[in-house]
Structure formats: structure tokens, C-alpha cells
Amino acid sequence: MSDERPTGPRALPGREGSPVSRAGMAVVGVVVVVALAVTGLLVRPALAAAGSPAPATTGTPSVTPTGHTTEVTVKVVGMAFMPSSIDVPAGDRLRITLENTGDQRHDLVLADGATTGVLAPGARATVDAGVIGGDLEGWCSLPGHRQMGMVIHVHAVGATAAPAPTPTSSGDGMPGMAGGAPGSSSAPTMAELQQEAAVLPAYPAELPPLEATTEHSYTFHVTEAPDPVTGALTRQVWTYNGTSPGPILHGRIGDTFHVTLVNDGTMGHSIDFHAGELAPDQPMRTIEPGQSLDYTFTASRAGIWMYHCSTMPMSNHIANGMFGAVVIEPADLEPVERQYVVVQSEEYLGADGQPADPAKIAAMVPDVVTFNGRAFQYDAHHLTATVGQRVRFWVLDAGPNLALSFHVVGAQFDTVWSEGSYSVRDGVAASGAASGAAGAQVLPLLAAQGGFVELVPKEAGHYAFVDHAMSLAEKGAHGVLEVTP
Ligand SMILES: [Cu+2]
């Protein structure tokens, strides 16, 4: 044979390759020859004239079409394409069939714009990459999937010119990535965030009252909808029941919670309650749009427990708003006059109207940091107490990434409870310091940690509560407790 070029996909070491067939497309070949004779240029116009909807020839515009087609089947394994690298003889037409063997929706988008469209689990579709004249990149365009490694590389074997440049995007910087990622927005100013917080209602920070029952039933509807960040910028927020954080649940040790999760979104979602102990396989599984699942757990330990979407990439689903808190009181907790819930989270702004920028999430440098889902909202809408009242703040760090150093300006905490135990209670240190002389200035929390603090303001005034990682407070993790006489 005169043709000794490699024709198949290049399987990764130790991994199974995909079936390849080489179709001798005589008809196409004839069309190509005619096209070259007429135009002296490329195959694409002629193919389009012949009725092919395929995209433009990729890479260098000087390849000679072979008239052959390389066909490759690509599967989904975890958050990767398999194979992730395909060798194609330069000049061959490439057709990639994507079989979505994953557990959530995926697609394959090529750098020239050709796409399979979004495929549900179990579905398959074929994308025509056109005649391959140079190397070509492809990726899954669902939010964060490309950054997780869902990238495919097409190598044009025998191409003489340099590979065609692929566009890059702002905020890019992931290895193996180039082009196609969503754009991003620059960080809003403090004034812009404060102005928006003032015109929007605040998320209710009061801890919902305990119910008489020990059995609690909820339905959580997943939504995906735009939410204003500033007067000129919106982001897409993914929620449980339309708010981020989702509903704050409140119960006692031994209570049972029944949650029906309904996915009203456009992609796979799920939920993971830290407040329960169970095998995650079924209740935490990802469900398709239109599907629902039942999740029942019994709260056997006290705490302010995070819940969140656990669909990959979790960093993106949490950063896009899918988190909330379950407050389970310690058995001997005393009543207080005021109880507030503060959940910190980070925003990594994508393009206007779009979900978070995955590259910013990976870099862990947020544009905005919020208490209860909106920057500075309790500066515009104060939390309140009166002098001498005992105020309990339940605090959760939803992340997805950064720590929280919760502090109330002008106050000291005489009670600090975190992750299962008191370090200080009514001014007595757990370590046995002198009665009434112990206190704390911050409640330190890593991502997903929670606890509560108590303070008794002695004077009227405006007590700012902040993340004492001050750059994060300046990005929005800041509010005011207004104490009146
Ligand atoms: Cu989700």
C-alpha cells in the first residue's frame, strides 16, 4: 500500500481506544477535485455546495483533501473524554461521535464552532469536524467542565504548516485550554455593590423558629435564573427554591428531614446534606432536568451543617449559588433574644448574565464575597438588637474555597461553639481559665465549617460584623448589627 499514514485515534497509554473506520468517500472525493479545479482553494465551499453542513476546513488552508473520512467514537469517563487525543491524517474529513457515557449532560464543541449539541446521559450524536488541515481543540461547554479536563485534541498528522491558532479567553490559564471559555467581568466597586444592595430586599437573616414536629418535609426546586450583582451586571444564579442561600432548615437532634429535590434547571444537579449520615450513592446522585429524588436523613449531631449541590464540578455549582444551612441545636442550648444566620460565599463573575467564570474559581480569587448571597446587604438593611440582649450568630462558611474569620467590631464573644464543641461558654474557657474572664474575638471557619457565637452589646451603636480577612470584607463580607437603647 502506498498509504501508510496512521488513521486511527491515538488511545492514551493503558486505556482503551475507540473504534475507527475509514470510509472511502468516492463521491466526496470527486466533488473535492472539481472544487479544487474551479477555485484553486479549499474543499469547504465545494462541500457546502454539495450539501454538507460541515464547518470550514480547520487549521492551515493549504491541505490537499484525501477524500477519506476518519470516524472516531468518543466516550465520557468521569470528567474526561476518552480518547482525549485523536490522530487524523491531514486532509481527511473527521467525524466524531460522542457517546455520553457519563452521569450528567455533556457536549463536544470544536474550536471552529461545530458541536454535537448538549447530550443527556446515554445519548449520542455526531459532529462533523470537516476536512482536517491542522491541529484542532475541542471541549465540553457546560459550566466548568472544560476546566475539569473535558478537552479533546485533534492532531493533523502530516500537516506541513503550523497549527492554526486557537482563540484564548480572558481569565483563561488552565493547562490544555485555549479558547471557547466564557468571558468574565471585572470586579464591581464597593460603591456599585452597596448601591445594588440598597435597592434590593435583604435575605432574611433571622433563624427560622423551631417547629413542634420532629418530622420535617420540604420540596426543593432547582432553578437557574439571572440575579443582579450591580445595576449594570447580572450573573446566573443556580438555587434551591429561588434563593441563594437556599432555605435555612432548623431542628433538634433526632429530627428527621424529608427533602424532595426537583430539578427544574437545564443541566444535572444534586444535593448533599452534611447534617445526615448515609451512603451517598442514591440520595446524592445527580438527576437530569425534569427528574426528582427523595432524600431523608436524621440529624444525630448538633451544628450548623452545610448542604450543597455535589454535581461535578462542585466548585462551580456552589459558586453559582447552590448551598444552604441546616441548624441543629445542641441539646442544652439556652434561649436568647436574637438569633441570626450568616452564610458566607464567594462570587467569581463570568460575563454579564452568565454563570461564574471557572478559571477564576480555580484561581480562588473572588470578585465578590457575600453574607447570605449578596454583598453588603446588611449594611443597607441592618440586623437589629437592643442593649443588653444576648445575640447569637450562627455562621457557616459555604465557600466554595476560602476561609472565614468572623468578627463583630466593638464586641467580644463570651460564647463560641464550633464543629461540635465550645471553646468558650458564658465566659468560661473549655480549657479551664478563670470564670468570667474568657472570651474570643473571631470565629474561625474553613470552607464548610460552621458554628455560633454569642455577644451582649453594652452600648447602643452600629456594630459591623465582618470577615476579618479584610480584603474579603471589602469585597462584600460586611454588615451592620444596629443596637438601640
Ligand atoms: Cu448543581
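Tutor: Buried means under 20% relative accessible area, exposed means over 50%, and partly exposed is in between (1.4 Å probe, protein chains only). This is a predicted model, where local features need pLDDT of at least 70, side-chain atom pairs count only at pLDDT 80 or more, and totals for chains, interfaces and linings use all residues. Residues are numbered from 1 along each chain as its sequence is written, and side-chain values use heavy atoms, with hydrogens and water left out.

The spot is Met322, in the loop between α4 (314–319) and β18 (323–329); helices (H or I, at least four residues) and strands (E, at least two) are DSSP runs, numbered from the N terminus. Met322 has a relative accessible area of 0%, so it counts as buried. Beyond its neighbours within four places in sequence, Met322 is in contact (heavy atoms within 4.5 Å) with Val222, Trp238, Thr239, Tyr240, His269, Tyr307, His308, Cys309 and His317. From Met322 to Gly246 the C-alpha distance is 7.2 Å, although 76 residues separate them in sequence.

Next, the strands. β12-β11-β14-β16 is the order of an open sheet of four strands with mixed pairing, where two strands pair if DSSP finds at least two bridges between them. Its edge strands, each pairing on one side only, are β12 (233–240) and β16 (292–298). β14 (residues 256–263) runs antiparallel to β16 and is joined to it by seven bridges. Opposite Thr256 stands Thr298 in β16.
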